[in-house]
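Please read this note with the model open beside you. The points are numbered so that each can be checked on its own.

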Amino acid sequence: MFKFILRRSLIAIPQLFLLSILIFLLAQAMPGDALSGRFINNPNLDPAYQSELRDKLGLNDPLPQQYARWIGNLVQGELGMSYVHNVKVETMLESRIANTFWLGLATLILTYLIAIPLGVIAGRWPDTYTDKFIVTYSYVSFSIPIFVFALIMLYIFGFTLGWFPTGGSVDVRVEPGSWDWYLSKLHHLLLPALSSALLATTSTIQYLRNEIIDTKLKDFVKTARAKGTPERKVYSRHIFRNSLLPVAAFLGYDIVFILGGSIFIEQIFSYPGLGQLFVDSITQRDFAVVNVLVMLYGFLSILGTLLSDIILSIVDPRIRID
Amino acid sequence: MANQPLLQIKNLTTSFRIQDEYYPAVDNVSLNVNENEVLAIVGESGCGKSALALSIMRLHNELNTKLEGEVNFKGQNLLSLSTAEMNKYRGKEMGMIFQDPLTALNPLMRIGQQIEEAMRNHLDLSDAEMKARSLELLKKVGIPNPERTYMQFPHELSGGMRQRVVIAIAISCEPKFLIADEPTTALDVTIQAQILDLMLELQEQMKTGIILITHDLGVVAEMADRVAVMYAGQIVEIADVYTLFRNPLHPYTRSLFNSIPSAAEGSDRLHVIQGIVPSLKNLPRTGCRFSNRIPWIKESAHESNPTLHEVEKDHWVRCTCYQDFHFPGDAEAEKI
């Protein structure tokens with residue numbers, strides 16, 4: 001197991017390296033540079049001074065040199081400075097990482113809480129009205145864009161019904177660390193997490209449903225029945241367990257999907273997480289932050305797939321990793 | 001009650017639903033299996049022999065299968081039982097050995113767990129007793145290192161070993177009756193022989209009644225006491241194994257024997273039976289079902305509604321066409 005994780009981590013290094021080149025080039029290809037965002041609202045600044053600043057910051061250096069400097073710093077844990085906010089990038093990430101982590105975790109839990117029972121019901125009794133309803137839901141949820149759905153949810157449950165706060169990650173009036181503070185955090189989390197989860201269920205429902213329908217016809221299920229195993233146990237012990245394998249395999253991809261969704265969700269719910277920071281940084285041309293964030297997303301995606309492989313190797317004895 | 005057969009199938013019809021209509025895959029089959037008797041059911045692919053086997057255990061999907069007739073096991077009609085009552089018979093009174101050992105075992109469960117599942121369902125044993133019995137069973141079916149295999153997963157075993165495990169599962173509660181659905185089809189020839197020997201040995205020890213489904217006449221010769229030949233859902237000939245091999249009568253049976261390649265005779269071409277088994281939907285419901293595969297036999301030789309005739313003691317043949325049957329090349333010879 002340790003060897004496997006090590007090997008996978010080693011493979012991840014060239015992947016991240018390629019990603020870094022790509023990110024760097026894409027960032028360069030965007031109109032403007034790190035300073036144009038800062039000066040964008042300041043027409044009084046002398047252009048000569050601007051170019052002097054650019055020289056000083058090395059923004060006029062050849063690309064390979066700029067890249068080498070950036071990646072060199074990154075490897076040493078030096079994430080760079082945000083030119084827009086004039087603070088270190090890690091300071092900007094610090095408070096937001098936790099928010100996004102909790103939002104992501106809540107989304108993941110809600111996704112499985114919704115998707116697994118629905119997938120099991122649909123697969124257990126296919127072609128019934130319940131099944132048709134579930135399948136319809138999964139197609140509809142797959143086709144609704146998340147930013148439209150999130151806005152609708154925000155409008156209904158946030159503004160009209162007033163059940164949930166419409167923005168922020170915590171109520172500023174409660175004392176940090178108190179019981180109320182945690183409750184308030186959870187309260188702020190729920191609506192964005194639910195909005196994201198309701199749309200993230202599609203693949204899990206579909207995989208689970210189809211896998212159950214397939215597994216039902218497998219010979220080992222006949223063997224189980226031929227042993228006189230009660231129907232309830234045939235399902236719980238033989239069919240469901242085997243059908244959950246692809247769901248486990250897709251955990252990593254679900255994480256990636258939810259991370260992607262969080263960019264929209266956080267923006268719409270004004271939730272101060274990485275996604276919101278990402279969008280803000282792009283509009284402000286805050287390249288130092290954008291680059292680090294994309295690297296982080298890439299790293300988390302690779303971590304997610306690694307996690308999938310590890311989980312799969314635990315639940316499926318046919319897959320050995322060592 | 002003394003001479004009551006262990007299993008008595010009466011007019012069993014198994015129909016599958018295809019687009020809202022039911023088509024019988026097993027058509028009005030009646031059979032008896034006695035204790036300590038091996039009945040082989042022979043026929044080509046699609047003739048309904050596996051459907052028959054699954055019908056006895058009621059393992060078909062009940063939503064699209066209709067079972068009619070009676071399957072009496074020790075005097076109890078299994079078709080009238082609820083699923084829960086049926087579960088008391090499955091595994092306990094009757095075991096099943098499946099065709100493909102590669103798919104018949106749950107890939108996520110250890111061999112030990114899978115053997116113990118049947119015991120857990122039927123016998124009141126402690127965990128230690130079950131383990132001891134599982135190890136004993138594994139040893140009995142010829143697994144060299146039971147302790148090790150007990151903890152292994154199916155994918156760690158070879159096909160032959162897995163089939164031994166499947167047999168161990170089937171006999172774990174010492175059933176009086178076994179159904180073996182092509183137990184050697186998926187195995188190498190050398191392993192086939194070992195598995196057949198094992199089954200014969202166990203059958204002698206345990207005095208079980210066995211229904212052996214196969215398309216391999218070699219297997220029949222080695223294993224069976226009696227043979228039923230099935231074609232298109234019906235039994236076309238039934239006799240004890242010596243009679244059938246000595247004196248096959250029905251054109252289908254004779255064609256089957258004629259299709260066995262023989263190196264000794266040095267014949268240049270292998271005999272093939274013309275055509276294919278008609279599909280379930282296109283099966284003729286009247287007349288001799290084999291008639292369209294022996295078109296050179298004149299129409300009048302067949303019965304309009306073929307029934308089984310007892311031509312000698314306990315040797316039954318369907319339809320009268322056997323009297324006029326000859327192979328195409330032999331026509332001249334038979335005329336003289």
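This is a predicted model: local features need pLDDT of at least 70, side-chain atom pairs count only at pLDDT 80 or more; totals for chains, interfaces and linings use all residues.

1. Residues are numbered from 1 along each chain as its sequence is written, while chains are lettered from A and ligands numbered from 1 in the order in which they are written.

2. Chain A is assigned domain 1 (13–78) and domain 2 (94–315); such bounds come from an automatic or database domain assignment. Taken over C-alpha atoms, the centres of domain 1 of chain A and domain 2 of chain A are 35 Å apart. Their contact involves 11 residues of domain 1 of chain A and 12 residues of domain 2 of chain A, where two residues are in contact if their C-beta atoms, placed from the backbone, lie within 7 Å.

3. Which elements of domain 1 of chain A supply at least two residues each to the side that touches domain 2 of chain A? They are α1 (2–29) and α2 (34–39) of chain A. Helices (H or I, at least four residues) and strands (E, at least two) are DSSP runs, numbered from the N terminus. The most is given by α1(A), with seven residues. By class, this side of domain 1 of chain A has six nonpolar, five polar and no charged residues. In this count Ala, Val, Leu, Ile, Met, Phe, Trp, Tyr, Cys and Pro are nonpolar, Asp, Glu, Lys and Arg are charged, and the others, Gly among them, are polar.

4. An unreviewed UniProt entry gives residues 97–308 of chain A the annotation "domain: ABC transmembrane type-1". UniProt positions are given in the numbering used here, feature names are shortened, and annotations may be inferred rather than shown by experiment. In the model, residues 97–308 of chain A are 81% helix and 0% strand, with end C-alpha atoms 22 Å apart.

5. The unreviewed UniProt entry also carries the annotation "transmembrane region" for residues 101–122, 134–157, 189–208, 244–269 and 289–315 of chain A. Residues 101–122 of chain A are 100% helix and 0% strand, and their end C-alpha atoms lie 31 Å apart. For residues 189–208 of chain A the figures are 95% helix and 0% strand, with 27 Å between the end C-alpha atoms.

6. Two packed helices are described by the angle between their axes and the distance between the axes. In chain A, helix α5 (residues 89–124) and helix α8 (residues 179–200) cross at roughly 50°, and their axes come within 8 Å. Axes are lines fitted to C-alpha atoms, for helices over the stretch in contact, and angles run from 0 to 180 degrees between N-to-C directions. The crossing of α5(A) and α8(A) is right-handed: a crossing is left-handed if the near helix is turned anticlockwise from the far one by less than a right angle, and right-handed if clockwise.

7. Residues in the contact include A:Trp102, A:Leu103 and A:Ala106 of α5(A), and A:Leu189, A:Pro192 and A:Ala193 of α8(A). This contact of α5(A) with α8(A) divides into 12 nonpolar, three polar and no charged residues.

8. A second pair in chain A is helix α13 (residues 274–283) and helix α14 (residues 287–315), packed at an angle of about 140° with axes 8 Å apart. These two helices, α13(A) and α14(A), are therefore oblique to each other, and their crossing is left-handed. The contact is made by A:Leu274, A:Leu277, A:Phe278, A:Ser281 and A:Ile282 of α13(A) with A:Val289, A:Val290 and A:Leu293 of α14(A).

9. Chain B is assigned domain 1 (7–224) and domain 2 (249–335), with 31 Å between their centres, taken over C-alpha atoms. Eight residues of domain 1 of chain B and six residues of domain 2 of chain B form the contact. UniProt (unreviewed entry) places "domain: ABC transporter" at residues 7–257 of chain B, a span that is 39% helix and 27% strand.

10. What is the make-up of the side of chain A that touches chain B, by class? The contact takes 18 residues from chain A and 24 residues from chain B. On the chain A side, α10 (219–226) and α11 (231–249) each supply at least two residues, and α10(A) gives the most, with six residues. The residues of this side of chain A are four nonpolar, five polar and nine charged.

Notes: Angles under 35 degrees count as roughly parallel, over 145 as roughly antiparallel, 65 to 115 as roughly perpendicular and the rest as oblique.
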